[in-house]
Amino acid sequence: TNGGIEIIGKNVKDMYGIFMGKVIGTITDIDGSIQSIGIDCGSQGLQQIQYEQIVVQNDVVIFIPKWRLDSQRLIREKQLTLRRLKALMDIASENDHMKEDAEMIHEKYKSKLVTLDEAESEITAKLEERMTELEEETKSARMLLFNAKVQCKSNEISDTTFDSVKLCTNEVIERISHEIAEIKNVKTRIADLELEVQEITAPPQPNVQESAVSYLETPES
């Protein structure tokens, strides 16, 4: 409960330091734990976000986007499941008498991977959606900057006003480029993990050379 009181009135910023608003209240569960917080976003009104989506740093509350939380959770769970699968396979290969037990748990982890695949599809769709939004925002910012340049050339606005527009739009474009880079990085990590999953769960392939030799061999030889 005290945590809720402590954050009320604090500024909220996104991961890239852009001011979003102020915390004006919290919604708590019956045990006093905070479920969500309310942010006054000025002209954009009141925004309610889940408590898990914030990190409190001194006098500032940092907002973490849902796509980032979900993808990090997925990556952590998939990495752990893969490590455990590899450990199981090592145990099974080193101890014949433990093979049966290992196989039972192996199925449990394989079903966990199927569940994670379902979550991964949803997260990937959200990442694509967010990427499209960011690309549209970049286009809008560039269009604003280009129009300002035209207005400056036609003496509709002063050089000082143009410089101000240029500074603001470049800041927006830079912030967006950081988020796009982060999404691309997350997508790469998810794809790499999926390759690892396929390698570890794929049925063993016969050695190509051995297959070729056995094919060439005739009963007479």
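I began with confidence: the chain has a mean pLDDT (the predictor's confidence in each residue, from 0 to 100) of 85, and 86% of its residues reach 70 or more. The model is predicted, so I noted that local features need pLDDT of at least 70 and side-chain atom pairs count only at pLDDT 80 or more, while totals for chains, interfaces and linings use all residues. Residues are numbered from 1 along each chain as its sequence is written, and side-chain values use heavy atoms, with hydrogens and water left out.

Confidence is highest in strand 6 (residues 60-63), at a mean of 93, and lowest in helix 5 (residues 208-216), at 52. Where pLDDT is low, the predicted coordinates should not be read in detail. Helices (H or I, at least four residues) and strands (E, at least two) are DSSP runs, numbered from the N terminus.

I found an open sheet of six strands in the order 4-3-2-1-6-5, with mixed pairing; two strands pair if DSSP finds at least two bridges between them. Strand 4 (46-50) and strand 5 (54-57) are the edge strands, each pairing on one side only. Strand 1 (residues 11-14) and strand 2 (residues 19-28) run antiparallel and are joined by three bridges. I recorded Lys22 in strand 2 as the bridge partner of Asn11.

**Cys41**

I located Cys41 in the loop between strand 3 (34-40) and strand 4. Cys41 counts as buried because its relative accessibility is 11%; buried means under 20% relative accessible area, exposed over 50%, partly exposed in between (1.4 Å probe, protein chains only). Not counting residues up to four places away in sequence, Cys41 touches Met20, Gly21 and Gln47, where contact means heavy atoms within 4.5 Å. Its C-alpha atom is separated by 10.0 Å from that of Ile24, 17 residues apart along the chain.

**Cores and helix 2**

I next listed the nonpolar cores, sets of buried Ala, Val, Leu, Ile, Met, Phe, Trp, Tyr and Cys residues joined through side-chain atoms within 4.5 Å. The largest has 21 residues, and Leu127, Ile183, Val186 and Ile190 have the most contacts inside it. Helix 2 (66-94), helix 3 (99-153) and helix 4 (159-201) each give two or more residues to this core. Helix 4 supplies the largest share, eight residues. Another core lies apart from it, with 12 residues, among them Ile34, Ile39, Ile54 and Val61.

Beyond its neighbours within four places in sequence, Ile183 is in contact with Trp67, Leu127, Arg130, Met131 and Leu134. I noted that Trp67 is also one of the buried residues of helix 2, which include Leu74, Leu85 and Ala92.
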